[in-house]
Number of protein chains: 2
Amino acid sequence: MLKPFSDKVATLAPSAIREILKFTADPEVISFAAGNPAPEAFPTETIAKLSADIFAEEPINALQYSVTEGYPKLRQWLEADLRQKNLFKDGDMVVVTSGAQQAIEVTAKILCNEGDVILCENPSFIGSLNAFRSYGVKLVGVPMDKDGMLPSELEALLKANPTAKFIYTIPNFQNPTGQTTTLARRKDILALAKKYGIYVLEDNPYGALRFAGEDVSCYKELDDGKNVIYAGTFSKVLAPGIRVGYLCAESELVSKAVVGMQTSTVHTNIWAQMLAYRFVTTVDFNEHLKGLQEIYRVKYTRMKDALKIHLPEFISLSEPEGGLFIWATLPEKYDMNAFCVEAVKRKVAVVPGNAFSTDESEISHSFRLNFSTPTNEQIDMGCEILGNAAKELLK
Amino acid sequence: MLKPFSDKVATLAPSAIREILKFTADPEVISFAAGNPAPEAFPTETIAKLSADIFAEEPINALQYSVTEGYPKLRQWLEADLRQKNLFKDGDMVVVTSGAQQAIEVTAKILCNEGDVILCENPSFIGSLNAFRSYGVKLVGVPMDKDGMLPSELEALLKANPTAKFIYTIPNFQNPTGQTTTLARRKDILALAKKYGIYVLEDNPYGALRFAGEDVSCYKELDDGKNVIYAGTFSKVLAPGIRVGYLCAESELVSKAVVGMQTSTVHTNIWAQMLAYRFVTTVDFNEHLKGLQEIYRVKYTRMKDALKIHLPEFISLSEPEGGLFIWATLPEKYDMNAFCVEAVKRKVAVVPGNAFSTDESEISHSFRLNFSTPTNEQIDMGCEILGNAAKELLK
């Protein structure tokens with residue numbers, strides 16, 4: 001190194017999940033560590049046909065430079081779809097991003113100076129936490145119970161952190177806990193955001209993957225002002241490899257996000273945007289979503305049942321109504337990291353909970369299990385192995 | 001706005017080129033303002049076939065999450081290709097980015113604190129300048145003559161700016177001037193970078209588009225150490241809409257760039273990476289490049305000849321040996337902006353030179369002309385209109 005790295009990235013490490021995923025390169029390892037959609041959830045034949053149509057009908061449009069805001073037809077479809085769900089309000093604007101990750105990263109970039117605070121559910125999605133860290137932002141974790149962030153704790157933290165710019169939340173089937181914030185909590189949290197004049201960044205990658213219970217209104221829907229910034233994605237409902245997400249918020253903020261994106265990716269891969277547009281306007285998208293929900297309901301049920309058979313009862317499990325993840329928690333007397341290491345030795349990979357902490361040095365007793373990526377057979381075998389490890393190690 | 005934007009983006013404006021490009025939405029306007037590859041340069045049929053092959057042979061690989069570093073087969077091809085050109089040295093690493101723009105943006109992010117200095121050719125590519133500005137970096141412009149940056153001026157600026165992190169340069173057919181830095185200058189500039197212990201960020205989007213003269217060794221090739229960071233792209237040699245570029249430098253720096261990219265785009269659209277790999281390994285890539293060089297040679301010659309016929313002799317023109325741009329300069333007594341406004345009124349769009357200045361308030365007497373996007377007929381007609389405007393306005 002000729003010159004040191006910038007202060008904001010100097011201590012930024014690769015995602016801890018990636019370190020775990022290295023073990024999963026071993027084909028004998030059963031991975032419950034990923035967050036990939038189920039391969040069978042990809043409508044590959046439809047995508048192949050739509051892609052061929054694009055190149056037959058408008059190849060130059062799919063290959064030439066495009067505008068940073070996104071493919072106009074896709075933006076119009078998104079605006080209409082979000083408006084119909086009452087997520088897009090007058091004065092709002094929607095832009096297409098390279099995955100929801102870029103929507104989240106650029107929001108931090110345009111709002112936060114180094115040293116500013118972002119209030120995050122604790123635990124939360126490591127990709128977002130690292131995006132925030134990469135701007136030298138201070139992460140302050142908000143304690144949660146099974147209904148979501150605790151309003152009293154949140155208010156105390158809002159008082160203590162006047163440089164807080166926004167509250168970051170994954171309200172539906174949260175990563176990593178799988179939990180959904182209740183409607184009452186959403187209202188309380190939004191009221192606090194309004195009282196203290198800060199934004200809520202609502203990250204909703206899994207909302208369409210509900211396989212039980214009833215939909216809960218989004219923060220964006222509940223908001224009668226300009227407090228909520230909404231990030232969505234096609235990663236879990238079409239395919240993540242195409243990197244198509246979106247940001248919806250009041251237009252002044254979104255316009256600044258566009259300027260930020262113009263300096264990084266210029267625009268999102270235009271073929272991918274055309275593909276997403278053709279997909280949502282060609283197939284019956286609601287039927288497609290129902291098919292996905294059924295795939296994940298079956299996989300979740302399989303893993304839940306296998307865990308109930310094999311794991312000791314003292315390991316508590318979250319009960320997600322959608323999404324991709326289960327959160328398992330050991331009693332405090334046990335060493336969670338030692339358990340995860342033992343599991344990997346036995347060829348089952350899970351993600352230690354401290355990877356998701358706003359303060360990674362915090363002690364965690366939980367680990368994250370993914371049920372979308374493994375096959376049914378891998379789910380059965382992996383849960384049995386975890387159970388045997390628990391029975392031998394946790395006494 | 002509930003909260004102000006971050007200091008680093010508060011004054012960041014959309015690219016001035018975009019303002020000009022708004023006029024070009026009028027189909028009657030002939031645009032010499034863009035920087036798009038010629039549509040006829042896209043191998044659309046080959047791309048359509050290769051894309052169909054991808055979906056027939058490995059659809060899940062093209063749709064699932066992938067690794068941030070890039071598609072392994074494309075990385076290996078790039079490494080071999082760069083090594084053969086002596087651009088990839090032992091200890092180097094190459095990663096695939098979402099266009100060269102992301103390679104440049106992430107380099108600024110990982111190296112620069114707010115208030116640090118980047119030394120830039122003046123004028124330079126506005127997309128890079130805005131990427132640097134978006135990190136609160138101070139841009140210091142280095143004066144140039146037709147051979148490139150002036151070493152004596154560069155050394156004075158290096159002495160005056162000890163927080164300079166790197167020198168940013170587009171050595172071949174520079175955007176906007178079309179000029180190529182001579183070999184002697186490159187050696188002098190690299191020696192200064194070594195003397196002062198800073199990096200050279202070498203942005204080479206147009207290097208393969210040489211249609212006259214002889215190749216000049218890259219900074220990356222001339223470097224016997226770790227001073228040069230190299231950014232390349234498939235935008236001008238395959239298609240820009242797929243957003244596939246790359247970064248090549250010593251591995252510690254590139255590894256940090258990967259961590260930065262993990263928090264923004266996660267990875268570059270994987271279908272696009274597979275397409276680029278299949279393209280370079282299926283076609284005769286050198287023959288493909290020769291075809292592109294011929295397309296641009298013909299277009300450049302057409303515009304140069306038309307300008308010589310129609311423009312007054314006192315407007316000087318750069319003489320690019322490749323790339324996409326000609327730089328035209330008026331005598332100091334004339335108002336360049338008034339001329340550009342008059343041109344747009346007459347339905348020809350060019351880009352005023354101050355858009356490319358490190359200090360946009362600087363007075364410029366130049367404007368940029370693009371010859372790759374317009375048709376032959378548009379080139380002829382547009383140059384005649386410019387000539388008439390010049391004869392009437394510049395007396």
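Two strands are taken to pair if DSSP finds at least two bridges between them, and strands (E, at least two residues) and helices (H or I, at least four) are DSSP runs that are numbered from the N terminus. The views below show a predicted model, in which local features need a pLDDT of at least 70 and side-chain atom pairs count only at pLDDT 80 or more, while totals for chains, interfaces and linings use all residues. Residues are numbered from 1 along each chain as its sequence is written, chains are lettered from A and ligands numbered from 1 in the order in which they are written, and side-chain values use heavy atoms, with hydrogens and water left out.

**View 1**
In chain A, an open sheet of 4 strands has the order 11-12-15-14, and its pairing is antiparallel. Its edge strands are strand 11 (316–317) and strand 14 (351–352) of chain A, each of which pairs on one side only. Strand 12 (residues 325–329) and strand 15 (residues 366–370) of chain A are joined in the antiparallel sense by 5 bridges, and Ile326(A) stands opposite Leu369(A) in strand 15 of chain A. Helix 14 (residues 336–345) of chain A packs on this sheet, touching strand 14 and strand 15 of chain A, with a direction that makes about 35 degrees with that of strand 15 of chain A. Helix 13 (residues 285–310) of chain A lies across strand 11, strand 12 and strand 15 of chain A and runs at about 20 degrees to strand 12 of chain A. Contact here means heavy atoms within 4.5 Å; axes are lines fitted to C-alpha atoms, for helices over the stretch in contact, and angles run from 0 to 180 degrees between N-to-C directions.

**View 1. The open sheet of chain B.**
In chain B, 4 strands form an open sheet in the order 11-12-15-14 with antiparallel pairing, and strand 11 (316–317) and strand 14 (351–352) of chain B are the edge strands, each pairing on one side only. Strand 11 of chain B is joined to strand 12 (residues 325–329) of chain B by 2 bridges, the two running antiparallel, and Leu317(B) stands opposite Ala328(B) in strand 12 of chain B. Helix 14 (residues 336–345) of chain B lies across strand 14 and strand 15 (366–370) of chain B, at about 35 degrees to strand 15 of chain B.

Strand 9 (residues 228–233) of chain B is mostly covered, with 6 of its 6 residues buried, where buried means under 20% relative accessible area, exposed over 50% and partly exposed in between (1.4 Å probe, protein chains only). In a regular strand the side chains alternate between the two faces of the sheet. Here both faces are covered, with Val228(B), Tyr230(B) and Gly232(B) buried on one side and Ile229(B), Ala231(B) and Thr233(B) buried on the other. Strand 8 (residues 199–203) of chain B runs parallel to strand 9 of chain B and is joined to it by 4 bridges, with Ala231(B) as the bridge partner of Asp203(B). Strand 10 (residues 245–250) of chain B pairs with strand 9 of chain B in the antiparallel sense over 4 bridges, and Tyr230(B) stands opposite Cys248(B).

**View 2. Backbone details in the loops.**
The peptide bond from Asn122(A) to Pro123(A) is cis, with omega near 10 degrees, and Pro123(A) is found in the loop between strand 3 (117–121) and helix 7 (126–133) of chain A. The bond from Asn175(A) to Pro176(A) is also cis, with omega near 20 degrees; Pro176(A) lies in the loop between strand 7 (164–169) and helix 9 (183–196) of chain A. In chain B, Phe173(B) has a positive phi of about 50 degrees although it is not a glycine, and at 1% relative accessibility Phe173(B) counts as buried. Arg243(B), in the loop between strand 9 and strand 10 of chain B, has a positive phi of about 55 degrees, again without being a glycine, and counts as buried at 4% relative accessibility.
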